[in-house]
Amino acid sequence: MGKKQNLKVLIVLTSHDQLGDTGAKTGFWIEEFAAPYYVMAEAGVDLTLASPKGGKPPVDPKSALPEFQTEATKRFDEDKELQFKLEHTLVLNQIKEDEYDAIFYPGGHGPLWDLANDSDSIALIEAFWRHGKPVAAVCHAPGIFRFVKDAHGVPLVKDKNVTGFSNTEEEAVQLTQVVPFLVEDELKKLGGRYSKGADWSNHVVIDGSLITGQNPQSSEDTARELLSLLMK
């Protein structure tokens with residue numbers, strides 16, 4: 001199948017760097033940005049990066065630890081061009097939905113504090129959804145659907161098959177008491193049909209134009225599923 005020309009995808013990253021009141025830092029998880037970025041870039045997709053505050057979004061320092069490195073993160077570490085692009089993300093409130101074919105949200109704990117409550121992000125997702133454009137989020141990023149509604153004012157994830165960072169994975173990283181809400185609990189509370197794979201296993205769920213991935217291990221396939229939707 002020939003690929004469509006000039007596909008444009010918006011990647012939205014967190015601007016939040018404080019891990020609750022622990023004094024520790026958070027941000028976006030490198031693998032969940034790098035792996036999807038390269039999957040889409042290699043398919044010829046034109047990628048735009050944005051964040052609530054613009055400029056350089058904070059990296060979750062844990063995601064730079066040796067045990068979390070993958071081929072994609074190693075490639076990112078050497079990729080001066082992408083690092084430069086990342087330092088100059090656009091301000092979210094300047095973004096217009098009609099210029100893009102889909103929207104993708106990498107996780108990390110940061111989005112639970114800012115993007116989940118960000119009126120620009122919420123309005124953008126609602127606009128993409130209204131126009132039948134794919135919306136994808138991985139790991140903690142499905143938490144950004146917390147206040148997102150469909151055209152009828154119903155929570156976007158209600159009665160939809162979804163996944164996201166599981167309660168058992170949050171327990172494993174010992175942040176259950178730190179995060180403002182648990183992704184799994186919130187998706188269920190909103191009426192989503194939540195499912196999960198084993199902790200740290202690749203689990204991606206597609207429901208129409210909505211694509212969600214459970215954890216960092218799911219980030220590459222979440223982007224592949226988004227691509228296949230766009231290529232249809």
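Analyst: Buried means under 20% relative accessible area, exposed means over 50%, and partly exposed lies in between. This is a predicted model. R224, with a relative accessible area of 42%, is therefore partly exposed.

User: With which residue does R224 form a salt bridge?

Analyst: Side chains of opposite charge can pair when their charged atoms come close. Here R224 pairs with D221, the closest N and O atoms being 4.0 Å apart. Both residues lie in helix 8 (residues 219-231), 3 residues apart, which is about one turn of the helix. D221 has a relative accessible area of 31% and so also counts as partly exposed. Elsewhere, salt bridges that share partners join R146, E186 and K189 into one network.

User: How many salt bridges does the count give?

Analyst: The count comes to 11 salt bridges. One of them joins R75 and E42, with the closest N and O atoms 2.5 Å apart. This pair links distant parts of the chain, since R75 is in helix 2 and E42 in helix 1, 33 residues apart. R75 is partly exposed at 39% relative accessibility, whereas E42 is exposed at 57%.

User: At what angle do the axes of helix 1 and helix 2 cross?

Analyst: Two packed helices are described by the angle between their axes and the distance between the axes. The axes of helix 1 (residues 30-42) and helix 2 (residues 71-78) come within 8 Å and cross at roughly 85°. The two helices are therefore roughly perpendicular to each other. By class, their contact has 7 nonpolar, 1 polar and 3 charged residues.

Note on methods: Residues numbered from 1 in each chain as written. Predicted model: local features only at pLDDT ≥ 70, side-chain atom pairs only at ≥ 80, totals over all residues. Heavy atoms only, no water. Axes fitted to C-alpha atoms, helices over the stretch in contact; angles between N-to-C directions. Helix = DSSP H or I, 4+ residues; strand = E, 2+ residues; numbered from the N terminus. Parallel < 35°, antiparallel > 145°, perpendicular 65-115°, else oblique. Nonpolar A, V, L, I, M, F, W, Y, C, P; charged D, E, K, R; others polar. Salt bridge = Lys/Arg side-chain N within 4 Å of Asp/Glu carboxyl O. Buried < 20%, exposed > 50% of the residue type's maximum accessible area, 1.4 Å probe, protein only.
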